[in-house]
Amino acid sequence: TLKQNLQILRLATALNLNIFWNLLWGFPGEKIEEYEKIVDLLPLISHLEPPESLVHFRIVKFSPYFKNHDDYGISNVKPLSSYRKVFPSHIDFKKIAYYFSGDYHSECYEHPHVIRQLDKDLKNWFRRWDSPLSRPRLHLFRDEEKGFRIIDTRELDNCEMTYEISEKRARSILCSGPYGQTDNQVWALENKMAIISSNDYVPLITTDPEIIESLGLG
């Protein structure tokens with residue numbers, strides 16, 4: 001789920017672990033509104049590690065999209081034409097092929113401008129991550145004098161670069177769970193430090209594992 005993916009990226013960032021992942025598009029039956037939501041989300045998660053690339057969905061042998069293609073509205077499944085350029089014509093391409101093509105409906109093909117915008121935004125995300133010095137941050141750390149401080153260098157409209165918050169607020173906004181419209185959850189949403197997904201409050205802020213443990217969230 002979106003919530004699980006974001007949690008993995010947040011934890012990996014906090015632990016300085018590299019995550020190698022791709023953003024996929026062009027699945028059978030997809031609605032373009034799903035990609036419009038991703039375009040809106042990308043600026044909020046620019047402090048998390050970007051994907052390796054934007055990759056079109058592929059039908060591979062042994063996958064559900066291959067074995068049960070009718071269930072997903074896929075017809076005319078056949079080996080990619082590139083196999084015919086490599087192997088002799090007498091080969092049974094269905095047996096040796098691993099990648100296949102098929103016919104199916106996806107709104108992505110009807111709204112290519114959304115995919116182009118997504119690709120453009122991803123390239124900007126890659127560029128900002130080229131150097132550790134230019135990478136955006138949305139990070140909470142302990143301030144010995146004033147409790148906790150959040151630094152935000154994502155350069156979002158109507159967002160400040162630093163926030164001083166209490167331990168109670170820190171604990172609340174770092175904790176994912178059902179959205180209860182609490183003051184702290186609403187505050188985090190207004191400052192683009194969290195999102196709502198399937199009625200769950202999903203924090204986007206990173207912090208050190210020691211702080212997670214000290215706040216009783218580990």
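This is a predicted model: local features need pLDDT of at least 70, side-chain atom pairs count only at pLDDT 80 or more; totals for chains, interfaces and linings use all residues.
The protein chain carries eight helices and twelve strands, and its C-alpha trace spans about 75 × 35 × 35 Å along the principal axes. A compact globule of 218 residues would have a radius of gyration near 17 Å, whereas this chain comes out at 22 Å. Of those 218 residues, 38% count as buried, and the chain exposes about 13,200 Å², of which carbon and sulfur atoms supply 51%. If we take the contacts between residues at least 6 apart in sequence, 63% of them join residues at least 24 apart. As for charge, there are 27 positive and 31 negative charges, and their mean positions lie 6 Å apart.

Turning to the strands, I would begin with the pairings around strand S7, which covers residues 147–152 and is joined by six bridges to strand S6, residues 138–143, the two running antiparallel. Within that pairing, leucine 138 has aspartate 152 of S7 as its bridge partner. S7 is also joined to strand S8, residues 162–165, by four bridges, again with an antiparallel run, and here isoleucine 150 stands opposite tyrosine 163 of S8.

Further along, three strands make up an open sheet in the order S9-S11-S10, with antiparallel pairing. Strand S9 (177–178) and strand S10 (194–197) are the edge strands, each of them pairing on one side only. Between S9 and strand S11, residues 200–203, there are two bridges, and proline 178 finds its bridge partner in aspartate 200 of S11.

That brings me to leucine 44, which sits in the loop between helix H2 (32–41) and strand S2 (54–56). Why does leucine 44 count as buried? The cut-off for that label is under 20% relative accessible area, and leucine 44 counts as buried because its relative accessibility is 15%. Leaving aside residues up to four places away in sequence, leucine 44 touches Arg154, Leu156, Lys192, Ile195 and Leu204. For a sense of distance, leucine 44 and phenylalanine 148 are 104 residues apart in sequence and, C-alpha to C-alpha, 21 Å apart in space.

Definitions and conventions
Residues are numbered from 1 along each chain as its sequence is written. Side-chain values use heavy atoms; hydrogens and water are left out. The radius of gyration is taken over C-alpha atoms; the globule rule is 2.2 Å times the number of residues to the power 0.38. Buried means under 20% relative accessible area, exposed over 50%, partly exposed in between (1.4 Å probe, protein chains only). Contact means heavy atoms within 4.5 Å. Accessible areas come from the Shrake-Rupley method with a 1.4 Å probe; for residues, only the protein chains shown count as cover. Lys and Arg count as positive and Asp and Glu as negative; His and the chain ends are not counted. The place of a charge is taken as NZ of Lys, CZ of Arg, CG of Asp or CD of Glu. Two strands pair if DSSP finds at least two bridges between them.
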